[in-house]
Amino acid sequence: MRFSLSDDQVAFRDAVRELLAKEATPAVVRAAWDAPEGALDRGVWDSLDAMGVLGVLVPEADGGLGLDETFLVPILEEAGRVALPHPIVETAMVAAPLIGATTGMIASDLGGPLVPCAADADQLLLRWGHTLALADRDAVELTAAATVDGARRAAYVTHDSTGEPLTDDPAVIALALDRGALGSAAMLVGLGQAMLDLTVGYVTERQQFGAPIGSFQAVKHHLADAALALEFARPAVWRAAWSVAHDERTRGRDVSMAKAMASDAAELVGRKALQCHGAIGYTVEADLHLYLKRTWALARAWGDTAHHTDRVADALGD
Amino acid sequence: MDLTWSVAEAAFRAEARGWLETNLAAWRAEHGGGTTSGDTREGFAEHLEWERRLFADGWAVVSWPEEHGGRGASLWEWLIFEEEYYRAGAPPRVTQNGIFLLAPSIFEFGTPAQQAGILRRMAGAEDLWCQGWSEPNAGSDLASVTSKARRVDGGWVLDGQKTWTTRGAFCTHLFGLFRTDPDSARHKGLTYFLLPLDTPGVTVRGFGRLDGDEGFAEVFFDDAFLADDAVPGGVVLGQPEGGWAVAMATAGSERGLTLRSPGRFVVTAERLVALANEHGDPTLRRRAATAWMHADAYQQQTPATVTTLTSGAKPGAEASLTKLWWSELDVELHHLALDLLGPEAELEGPWSKAWQFSLSGPIYAGTNEIQRNIAAERVLGLPR
């Protein structure tokens, strides 16, 4: 038993963290709000690709790193920490192991009707009846949607057919959905951590009544609650990564618990962060909103808390 | 990351499970089911027999060295034992304030003579230890204690009052903080004493907790002479005037994993899930699943903590987060139990008793307000 990341996992995560700190700055996220459809800047994406991040779950023989979800989940936490706009969950976590290769940027409707980065992606992984299929972007019709988080770059996707199905195996589709929920849970933990860190920094600087507002008990208690929620959501997400990697009997239950807890934790942290920022947090000038709005979206993508809680209840009832 | 147990750990689990099954059945048969609360006089005596049974076969304090009555189990094995203990439905440990709160401090600060003279008797439930920290005017603000001890020839003279002493009316010994430097203030000048409750001049009065059981006591010290050799190895733990450091080490154990192992909460959550499934109401069923997740999250977070500890780290301020989690989880679980029972929740019974007990969690071992302060200042680094 060793419930912590291995040296290799830490080293890989830290390398990704360093890269993202340089190449996925708030300015890059803001640029994603404004870039025209289909023109999302791929600078950081290409760097992640070069580092092997998109092929973590692809076998080495097929050009990937041949690693498992316990490596990818900490990396997706880092992607959440910078509110990465690119569809990294859809591409690296869901599509890559399904296809067995990395084939560019992939968007998907598996997480919900709003497809993030639909116009920016090279291909779309779509649900078609009881099958999953890969479609070229030109083969489907996209209707851009105005989302609260502009960096979601989401669209509705309609299509008459999707070409050759990748799979019609319900077990494979269930695993893809579990991977998406797990990946978004990891992003949410990272988003929560980012909002907590940002707020700790702010309340330490911000002075009122002649003292940093972080010295006031009411503010401390908000942030202790935020830290508490993350402290207990993160192990649930890591355990789910292990369960997926090792195809444990409790995989579905563990993933649903991870998603429910990560969604709840990140939303709680977001509320506390906004409250502790005060009016400056209630603007689009402070960076907080970049993380807050992504949190609201991801908390409901890939199944909301009610859905996943009921799934846990079903698993426990068996 | 490796979430599997070794062959040896699996064997340890099987051995613990087998022992618990056999011995619980035997103990229950002797005591009409063993359902009387350990916080009543009658129940306490029954629970002591259970403690002695544990000790006789080396299961009372598995992680302690053999010379002190344990079996030298690793932290992981201790965790496994705790899981099995609560899964088996074994009773709450009436010795817990000694074995979980005081003992870690004796291992850290005690002299070899104190360790040899105190620990084994504590593990065997021959000496029963209670905590004398809080006073009528020193609760969350523990550093404001005013009970005092004065050095005299061959010992100390104690004056003052302690209160909220759990199971004090049934215990034989007390560990507590007394001011030995009358001119000192706050954290300085406090000394950590170990003393027999039958010391002349010490009076113990038990009184009813919220649930009516005589689980609380107040302890009066009236010119009580405490001889230096009243406890094997001496009555002062650590250095005179160095009591605050000892107390804080004890508080770390109380807040952290030693007092509240996750097994307890998971078992309660599983029972509530079963009750909710029987009940059939979809809202309650969802609440039960949520409560189960919160219990299981504690079960996942604990190995994360143990991994850190086995890598050589000392328990830190994160223990405050742990205390917040389990205490609020316990309230959540038992509030759900009341809602599952509906109008009959008002009946006296195990659930209504456990509900009342759960409400003490956010208060004892440092109120949750204090824990939030500690977490904010020492985990997040916010200014004091």
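Guide: Gladly! Let us begin with a definition: two residues are in contact if their C-beta atoms, placed from the backbone, lie within 7 Å. Please also keep in mind that this is a predicted model.

Visitor: Which elements do the buried residues of α11(B) pack against?

Guide: They pack against α7 of chain A and also α9 (318–341) of chain B. Helix α11 of chain B covers residues 368–379, and its buried residues are B:Q371, B:R372, B:N373, B:I374, B:A375, B:A376 and B:V379. Just after α11(B) comes B:G381, with a positive phi of about 80°.

Visitor: How many residues does each chain bring to the contact between chain A and chain B?

Guide: Chain A brings 36 residues and chain B brings 36 residues. On the side of chain A that touches chain B, α6 (170–205), α7 (217–245), α8 (251–277) and α10 (305–317) each supply at least two residues. The most come from α7(A), which gives 14 residues. By type, that side of chain A divides into 21 nonpolar, 10 polar and five charged residues.

Visitor: What confidence does the predictor give the complex?

Guide: For the complex, the ipTM is 0.97 and the pTM is 0.96. In chain B the mean pLDDT is 93, and 98% of the residues reach 70 or more.

Visitor: Now the fold. What helices and strands does chain B have, and how many?

Guide: Chain B has 11 helices and eight strands. Its C-alpha trace spans about 70 × 45 × 45 Å along the principal axes. A compact globule of 384 residues would have a radius of gyration near 21 Å, and chain B agrees, because its own value is 21 Å. Buried residues make up 47% of chain B. Of the contacts in chain B with a separation of 6 or more, 73% are between residues 24 or more positions apart.

Visitor: What domains does the assignment give for chain B?

Guide: The assignment lists domain 1 (7–94 + 107–123), domain 2 (129–244) and domain 3 (256–379). Between domain 2 and domain 3 of chain B, the C-alpha centres lie 30 Å apart.

Visitor: And how should I read a sheet?

Guide: The general idea is that strands of a sheet pair through backbone hydrogen bonds, either parallel or antiparallel. In chain A, an open sheet of three strands runs in the order β2-β6-β5, with antiparallel pairing. Its edge strands, β2 (115–116) and β5 (141–144) of chain A, each pair on one side only. Four bridges connect β5(A) to β6 (residues 154–158) of chain A, and A:L142 stands opposite A:V157 in β6(A).

Visitor: Which strand of chain B does β2(B) join, and through how many bridges?

Guide: Strand β2 (residues 148–152) of chain B is joined by five bridges to β3 (residues 155–162) of chain B, and the two run antiparallel. B:K148 has B:D159 in β3(B) as its bridge partner. Two residues lie between the strands of this hairpin, where B:G154 takes a positive phi near 80°.

Notes: Residues numbered from 1 in each chain as written. Chains lettered and ligands numbered in written order. Predicted model: local features only at pLDDT ≥ 70, side-chain atom pairs only at ≥ 80, totals over all residues. Nonpolar A, V, L, I, M, F, W, Y, C, P; charged D, E, K, R; others polar. Rg over C-alpha atoms; globule rule 2.2 N^0.38 Å. Buried ≥ 20, exposed ≤ 12 C-beta atoms within 10 Å, placed from the backbone. Pairing = 2+ DSSP bridges. pLDDT = per-residue confidence, 0-100. Domains from an automatic or database assignment.
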